[in-house]
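Visitor: I have a new structure open. Please walk me through how to read it.

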Amino acid sequence: MQLKRYLLLTALALAGSAAAGVLPEDRADLLYHRYDGGGVAIDGPSLLVRKSFLEKFSVSGNFYMDFVSSASIDVVTTASPYEEERTQWSLGADAIRGKTIYSLGFTNSEESDYQSDTAYFGLSQDLFGDLTTVSLGYSRSWDTVLRRAASGSGVDPNFEERTDRRQYRIGVSQILTKNLIIGATFEAITDQGFLNNPYRSVRYVDSGSGTGYSFEAEIYPRTRTSNAVALSSRYFLPYRAAVRGEYRFFTDTWGIDSHTAEIGYTHPWEPKWIFDVKYRFYTQTSADFYSDLFPRAQAQNFEARDKELATFTSNTIGFGASYEFPGGWPRFVQKGTLNMRFDYIIFDYKDFRDLRVTGLAPGTEPLYGFNAYVLQLFASIWF
Amino acid sequence: MRRLALGFLLIATLLLGACGNLEPWVKPYERDRLADPIMAADRNPVASSHLHHVFESREGARGAMGSAGGGCGCN
């Protein structure tokens, strides 16, 4: 089982990557991705192809796979390690009319115990001498949550839940000078339905247990609304290089507030190489109904012990390199790039404890933390 | 929720209706640096989409910072 399937749209990436007034370039990308950390390894391929026609339309398709092998701390302490496979495909279409681009997209994601469909509509419009671009997006997701059978094979026929999600997004980007672009984005997301994980448990004090605690199923509210606003800027330096910065504030009805800040530097090495470095900082407060250790069974109406709802910070450093090679073979290829990106993430939890350490009084175990890396290897061609 | 949707539509209408003939202070021929690939908002959508997905799967926050695909393997 995987929680939080925010099918926020690969379609958004596909359809929304266009600058207004110009359709996105015809290109194909083949990516191998790998995430490894905290006992979880996920890897797989992703293929993205985009092609325009009649100078007014552009279509795109994306195929993406995750192969998951999980022995995370949750799994190790309350369940059994598992392997899972997820397949996702997306189709998108853009149409340009004057200075407006209309976008439509659809994404489907399937795994043995979770299915999700998302439809997306967006538009972007150039204004004020093309110095300003306004973009709007709306998406709707319909998810089906299933649960693996206790026997370990197939799904539980007595368990099936639904989740509906709607997203509203508005963004503005503004050219300020010959070297500077700034942007602002607001996104509201509402969820309704089964929002927790059918496998995850919360911990409560139980003096009758040998460890001093026991577990019971977590219970989340059936609604959630979140608002996020992000500000960004990109600046072309006096020599050929660029710096960028982004900040986001997030708040939701579950009581989570978070801040995200990211800076990056892009440096070309003429004539073939481009290098990127970045640093990202993230911090959040816990959800109102989160606790590492509840005082008793059924202590509250809503209970969670999901570390993604805990108080924590993460720090990420990233590095990327891109090498451009000339086209001509096959003849339709205009140019291509070979790319590598590596991100290293350090998670530090402030109120989520490591239950692998035993023999201590409940609630005095050391705080949990882990490191993870994300590796991306991909080739791109323009045609 | 309905109020949110109405507000969203109102802002959209106002912004899209503001298509005046404002004189651009950065002329089209002065935008060569902004058009350089190193200034692109998202130079590699397939890679950034995956990375956003990694973060959204492991963090409580979501939205407004690029896009993300579904699924996570975050248990």
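Visitor: Among the elements of chain A, which has the lowest mean pLDDT and which the highest?

Guide: pLDDT is the predictor's confidence in each residue, from 0 to 100. Helices (H or I, at least four residues) and strands (E, at least two) are DSSP runs, numbered from the N terminus. Here helix H1 (residues 10-16) of chain A has the lowest mean, 43. Strand E15 (residues 273-284) of chain A has the highest, 98. Over residues 1-18 of chain A the pLDDT is below 50. Where pLDDT is low, the predicted coordinates should not be read in detail. Chain A as a whole averages 92, and 95% of its residues score at least 70.

Visitor: What ground rules apply to the model and its labels?

Guide: This is a predicted model: local features need pLDDT of at least 70, side-chain atom pairs count only at pLDDT 80 or more, and totals for chains, interfaces and linings use all residues. Residues are numbered from 1 along each chain as its sequence is written, while chains are lettered from A and ligands numbered from 1 in the order in which they are written.

Visitor: How many helices and strands does chain A have?

Guide: Chain A has 2 helices and 18 strands. Its radius of gyration (taken over C-alpha atoms) is 23 Å. The globule rule is 2.2 Å times the number of residues to the power 0.38. For 383 residues the rule gives 21 Å, which is close, so chain A is as compact as a globular protein of that length. Along the principal axes, the C-alpha atoms of chain A fill a box of roughly 70 × 45 × 40 Å.

Visitor: Which strands pair with E18(A)?

Guide: Two strands pair if DSSP finds at least two bridges between them. E1(A) and E18(A) run antiparallel, joined by 11 bridges. There A:Ala28 stands opposite A:Ile381. E17(A) and E18(A) are also antiparallel, over 15 bridges. A:Phe342 stands opposite A:Leu375 in E18(A).

Visitor: Is A:Gly137 buried or exposed?

Guide: Count the other C-beta atoms, placed from the backbone, within 10 Å of the residue's own: 20 or more is buried, 12 or fewer exposed, and in between partly exposed. A:Gly137 has 25 such neighbours, so it counts as buried. A:Gly137 sits in strand E7 (residues 132-145) of chain A. In chain A, 39% of the 383 residues count as buried.

Visitor: What should helix H2 of chain B span?

Guide: The expected span is 1.5 Å times one less than the number of residues. H2 of chain B (residues 45-58) has 14 residues, so it should span 20 Å. Its end C-alpha atoms are 20 Å apart, which agrees. This helix is mostly covered: 14 of its 14 residues are buried.

Visitor: Which residues are in contact with A:Leu309, leaving aside neighbours within four places in sequence?

Guide: Two residues are in contact if their C-beta atoms, placed from the backbone, lie within 7 Å. For A:Leu309 the list includes A:Ile256, A:Ser286 and, from the other chain, B:Gly60.

Visitor: Where are the cis peptide bonds?

Guide: Most residues other than glycine have a negative phi, and most peptide bonds are trans. Here the bond from A:Glu270 to A:Pro271 is cis, with omega near -5°. A:Pro271 lies in the loop between strand E14 (257-269) and E15 of chain A. Another cis bond joins A:Trp329 and A:Pro330, with omega about -10°.

Visitor: What is the phi of A:Glu55?

Guide: Phi of A:Glu55 is near 60°, a positive value in a residue other than glycine. A:Glu55 is exposed, with 8 other C-beta atoms within 10 Å. B:Ala64 also has a positive phi, about 75°. B:Ala64 counts as buried, with 26 C-beta neighbours inside 10 Å.
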